[in-house]
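The following note comments on a set of chains and how they meet. Please read each point with the structure open.

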Amino acid sequence: MPIALLTDFGLRDAYVGVMKGVIAGIAGDVPVIDISHAIPPQDIRCGALMLWQACRYFPTGTVFCAVVDPGVGSERLPLAVEAGPYRFVGPDNGLLSYTLAQFPSVRAVGIQSALGDPSALSSTFHGRDLFAPVAAMLSIGTPLDELGETVRAIKALPWPLTAADDGQAMTGEIMQIDHFGNALTSIGVLSWQQADQLRLDTPLSRRTWYIPADANISVGQLSLTKVRHSYSETTIGKPLALVSSSGLLEISINQGNAAREFDLQVGMPVVVTYDSR
Amino acid sequence: MPIALLTDFGLRDAYVGVMKGVIAGIAGDVPVIDISHAIPPQDIRCGALMLWQACRYFPTGTVFCAVVDPGVGSERLPLAVEAGPYRFVGPDNGLLSYTLAQFPSVRAVGIQSALGDPSALSSTFHGRDLFAPVAAMLSIGTPLDELGETVRAIKALPWPLTAADDGQAMTGEIMQIDHFGNALTSIGVLSWQQADQLRLDTPLSRRTWYIPADANISVGQLSLTKVRHSYSETTIGKPLALVSSSGLLEISINQGNAAREFDLQVGMPVVVTYDSR
Amino acid sequence: MPIALLTDFGLRDAYVGVMKGVIAGIAGDVPVIDISHAIPPQDIRCGALMLWQACRYFPTGTVFCAVVDPGVGSERLPLAVEAGPYRFVGPDNGLLSYTLAQFPSVRAVGIQSALGDPSALSSTFHGRDLFAPVAAMLSIGTPLDELGETVRAIKALPWPLTAADDGQAMTGEIMQIDHFGNALTSIGVLSWQQADQLRLDTPLSRRTWYIPADANISVGQLSLTKVRHSYSETTIGKPLALVSSSGLLEISINQGNAAREFDLQVGMPVVVTYDSR
């Protein structure tokens, strides 16, 4: 089963290649798949969102090695986690939290001593010295319990979404601008409430939002009515709101670049209003 | 045998990684090779050219999964194709046509129902939901006939090249600027005439152009004589015309960036004149 | 054992994918790992440094295929090399030299005729036509001696580092700016003296520099005292000098971009002073 990598290391330097070299030395036959290495430097939420988007499309047994780690060398805990059919390796800074929240049962261990004395690690590149080798060990069958002590709670990122009391509006924000200039919002089929600590020993309380097809969507100068399902439901060059391939509300232009055209940026508020249903 | 991917998805988002995750779930032992994911968004001709450049260097049995698909979710047909020693998966919008024109015999099927009810697919990401899984199925031996009904004609892109009546000149255009600033033209050893529909049941009528070594090449403000075979046939910093590694006429600067220096852009006309031969 | 690729080809064009296609046709089961394809065009020293940084993290038996080759098509020799537990393929222009200098024993052969008549190769893309197939052949067991005649000396790049006569200062330079804006210098644990020719039949004479922890570091407008081991040893946003993950002195900002903030560029001198030890 593959190891899937997600980092903010970029592809210009040798960092990702070196992680793959380390993996090849431990688990030479395991395929390694890049999810992305273009997370903006230190942008934990962007990494958390992309891991959540990608995870469900990987086969049972995949080990995800996720490294967006501004606190490398500090006290933040490095983790190995089992959840659903998957294993995860990464820092305890919220990076794994959107993904783990989907699973009813999660087991996590701290891996700071998984390879021996933690003071023998470099203090700047745990991707190479800790996360990659532990991911490789998991992929060839090392049990989670051999890697460290159980952790009871891991850090969770809030999901930026609030509902009005009357149940006729919600406010989210733009979470991601993709390569095509599509703006992905936090409003969608699956989301959950803000939480500082994701309790691992209780199933996550979760709210599922369904947007009615005749909702009004407002972001920046742009007002849109109706949620579509395909870019081609408008004429070429026209903006639309649609259900993205990851299930979240997306703002797009058919065959155009919505972010550039309407100056959409990550963090801008998105308001959806609708009649009571 | 490998699956080779060519898309306009970029490497910033998780799109390509997700396609690989889907492939790993169906054909876990099949290596996946990236040709490029940097086709400009929706630029079908650029994708068609690059697939043509790359294809011949892959081993017998390779499955090419090519997705530059501005019409995703519309009526354009998704295809699986057998041609020569290769299989192809992609939209019927011309993306495969430069490559398929090289093969005397081509078989194509429409794969819109290959995975069951087409209305169950997402309308925005057929790379993930249709093309990747069908490529994986082909790579592990699923016969073309099980994927859909035969298609009699597929869409072809014109190749931008015209010859003067006197046989002493031809006009092409710049098709591609590469990473080094080399400008690749449509003038070369292998090309063919404009056609709206590439008939699949008859061999392609094809003209092969040989450029005499003493031709005069004119593009923008630049005039060059002689077609070279190596960058080092001029001094460092000097422009030259040479036969590119893909067999097309290329405009370059030895150890420099010709596109930047001479403001060369995709679509600029290139005129070649020569004495009758 | 894997083949590891390092080039200046970028990921926009099909060049790297084509090399992998060629490798798949010869050594279909051998995993291929990208170190980087973002070496600036024709920047041999940048490539040499990155190969040196990455090499030691790959498993025994890895074949490195390194192509930064401004002299392609000229008289520069193409090489296959055995050194320590590794094999290397690349042009004889210094690209391999920082890495090879680490090994006490190096064997090199010229591979210009490894695939038959050299005049049958393209003159512009030896990555595809020569280096990739030879790397694949090495990876499946072809002995070095079958690829060409022994070469007695290969081209070495100087390492930019000089020490003051009094032993209380040294001057190096910035060698690399990474994706995070960290500036890597030539001053570090492992370096060696300038040499035009790296003799392959004698062990390398090598000097090892240890920087005292209380050294003063000066680069551009920036003066720093102390060499740290972790970004988090300063507060967020503050500059620091630390031992990089490759063992060289690095100039950084904790969770910031030092190169942008202090206008650091490759080639800028870095002066380190310290009391006699």
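1. The contact between the two chains draws 27 residues from chain C and 26 residues from chain A. The model is a predicted one, and every value below is computed from it.

2. The size of an interface is often expressed as the accessible area lost when the parts come together. Here chain C and chain A bury about 2,200 Å² between them, with 60% of it on carbon and sulfur atoms. Within chain C, the residues that lose the most area to chain A are C:Tyr57, C:His179 and C:Phe180, which together account for 28% of what that side buries.

3. Which kinds of pairing does the rule find across the interface of chain C and chain A? There are zero salt bridges, whereas eight residue pairs are in polar contact, both residues of each at pLDDT 80 or more.

4. On the side of chain C that touches chain A, at least two residues each are supplied by strand E2 (32-36), helix H2 (44-55) and strand E16 (239-243) of chain C. The largest share, four residues, comes from E2(C). By type, the residues of this side of chain C comprise 16 nonpolar, nine polar and two charged.

5. The copies use different surfaces, as 4% of the contact residues of chain B recur in chain C.

Notes. Residues numbered from 1 in each chain as written. Chains lettered and ligands numbered in written order. Predicted model: local features only at pLDDT ≥ 70, side-chain atom pairs only at ≥ 80, totals over all residues. Heavy atoms only, no water. Contact = heavy atoms within 4.5 Å. Buried area = accessible area lost by both parts, 1.4 Å probe. Salt bridge = Lys/Arg side-chain N within 4 Å of Asp/Glu carboxyl O. Polar contact = N/O pair within 3.5 Å; in protein donor to acceptor, adjacent residues only side chain to side chain. Nonpolar A, V, L, I, M, F, W, Y, C, P; charged D, E, K, R; others polar.
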